[in-house]
Amino acid sequence: MIAIGVPAEDKDEPRIGMTPETAKKLIKAGAEVTVRSGAGLRSHFSDQDYIDAGAKIAKSDADAVAGADVVFTVRRPPLALAKTMKKGAALIGMLDPFSDAEGLDALAETGVSLFAMELMPRITRAQSMDVLSSQSNLAGYKAVVDAAAAFERALPMMMTAAGTVPAVRVFIMGVGVAGLQAIATARRLGAIVTATDVRPAVKEQVASLGAKFIAVEDEEFKQAETAGGYAKEMSEEYKKKQAALVADHVKGQDIVITTALIPGRPAPKLISKAMIESMKPGSLIVDLAAERGGNTELTKPGAIAEHKGVRIFGKLNLAGDLPVNASSLYARNLQAFIEPFIDKEKKTLAIDWNDELAKGTAIARDGGIVNDMIAQRLGGKANAKSAGATGNSRAKAPAKKTAAKRAPKGGKTS
Ligand code: NAD
């Protein structure tokens, strides 16, 4: 029988990777599920809810993962906990593969197979497993709702006997999954919405949501999208033109939501201090790229910065502020990923290491890093045992502990 264990997350992480709903489905698919007592409480899932779904409750994290073939987490778990896991067990979560290289290497050396859900290939078959999409969507919504709550004016136009209240102007920078949801939410609240991006494909999507698209639409813009659908780093010349356009536009905006990211790079700085100074006092910016360094020059990750009457919200983990939805979607992403790897007859874990999705997300196996890109960032080479893991790993040595080529604080891969 395949055993799935779920430890509690640390105090800063309210989400959980298993809900009673997904526990029930996985048990039906042949798994035995054990959840650490109280682990779902911050998403309002009680121990009894899990028991009713057929799961067992463990008294400690170590008990939850002991004997597990698969462990579901939201964040990277403590090394000490990974050391108590069975060798060869699969640890599946948002393992933040581009930061804390030594920590990742140490985790790999435990012999646990590591799967970073952020690296899920963006192909049709994997849409239901795409944690970046499920969480960014909620973050985009929450950014606008937070901005509306903190802003000292009403968002929609209101015609009253005492006069007209003007609609607020909201500018969305970066129209990926989070940006699209931010546009839709701001529109529903009655704001006048404009949006910008460097990828031309976005133009129509923005218009279809009733917002106005503004961008520097030169030759470089036409080529700015990678084959994977992500943005490229733009040239210095483009950045200058873009800065001039943004400077002119931003001074007339009340709320700006920034979401711009470039895979594997720090977030582009799109709003300078001077631009912030050009905004009216009382205006505010919500910077969803804060975790990757921020899209403004004055963002303080994890805090609210204030400069000349303009507030910049740099809150991290906005999806975690909607833990009930965020956990439900995230848990379904994990369930969708693992279910095809359960042998329904033998009821055992049967990871197909040649499967595109396993290859794309596997970063460690048998004590070594098996993803070339991650191995290079760790200063080593991918382990030969992993040849299946990236399709092109050929070197023998596992990544070295001392290796310290740190990744830029940029998140994703294309
Ligand atoms: P992201 O989080 O990587 O970046 C957010 C946005 O910032 C992107 O739209 C990007 O173009 C934009 N950006 C980057 N640099 C910029 C700059 N200098 N100025 C302005 N904007 C800038 O993006 P995402 O939300 O992950 O979405 C990326 C793409 O992947 C989209 O086309 C999305 O539709 C697609 N996608 C595909 C799938 C799938 O097929 N399974 C799933 C989710 C998303």
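## Contacts and overall fold

A contact here means heavy atoms within 4.5 Å. In this predicted model, 63% of the chain's contacts with a separation of 6 or more join residues 24 or more positions apart. The secondary structure comes to 15 helices and 19 strands.

How does the chain's radius of gyration fit with a compact globule? For 414 residues such a globule would sit near 22 Å, and the chain has 23 Å, so the two agree. The C-alpha atoms fill a box of roughly 70 × 50 × 35 Å along the principal axes. Some 54% of the residues count as buried, and the accessible surface is about 17800 Å², with 53% of that belonging to carbon and sulfur atoms.

The largest nonpolar core has 41 residues, and M18, L26, F72, I92, F115 and F337 have the most contacts inside it. Helices α1, α12 and α13 each give at least two residues to this core, as do strands β1, β2, β4 and β5. The largest share, five residues, is down to α12.

Take F115 as a way in: leaving aside residues up to four places away in sequence, F115 touches I92 and F337, among others, and also W353 and I351. There's a second, separate core too, with 37 residues including A147, V202, A215 and A231.

## Helix α7

Helix α7 runs over residues 177-188 and reaches 17 Å from first C-alpha to last, close to the expected 16 Å. Its buried residues include A178, G179, I183 and T185. What do the buried residues of α7 pack against? Helices α6 and α8, plus strands β9, β10 and β12. Just after α7, G190 takes a positive phi of about 90°.

How values were computed: Residues are numbered from 1 along each chain as its sequence is written. This is a predicted model: local features need pLDDT of at least 70, side-chain atom pairs count only at pLDDT 80 or more; totals for chains, interfaces and linings use all residues. Side-chain values use heavy atoms; hydrogens and water are left out. A nonpolar core is a set of buried Ala, Val, Leu, Ile, Met, Phe, Trp, Tyr and Cys residues joined through side-chain atoms within 4.5 Å. Buried means under 20% relative accessible area, exposed over 50%, partly exposed in between (1.4 Å probe, protein chains only). Helices (H or I, at least four residues) and strands (E, at least two) are DSSP runs, numbered from the N terminus. The expected span of a helix is 1.5 Å times one less than its number of residues. The radius of gyration is taken over C-alpha atoms; the globule rule is 2.2 Å times the number of residues to the power 0.38. Accessible areas come from the Shrake-Rupley method with a 1.4 Å probe; for residues, only the protein chains shown count as cover.
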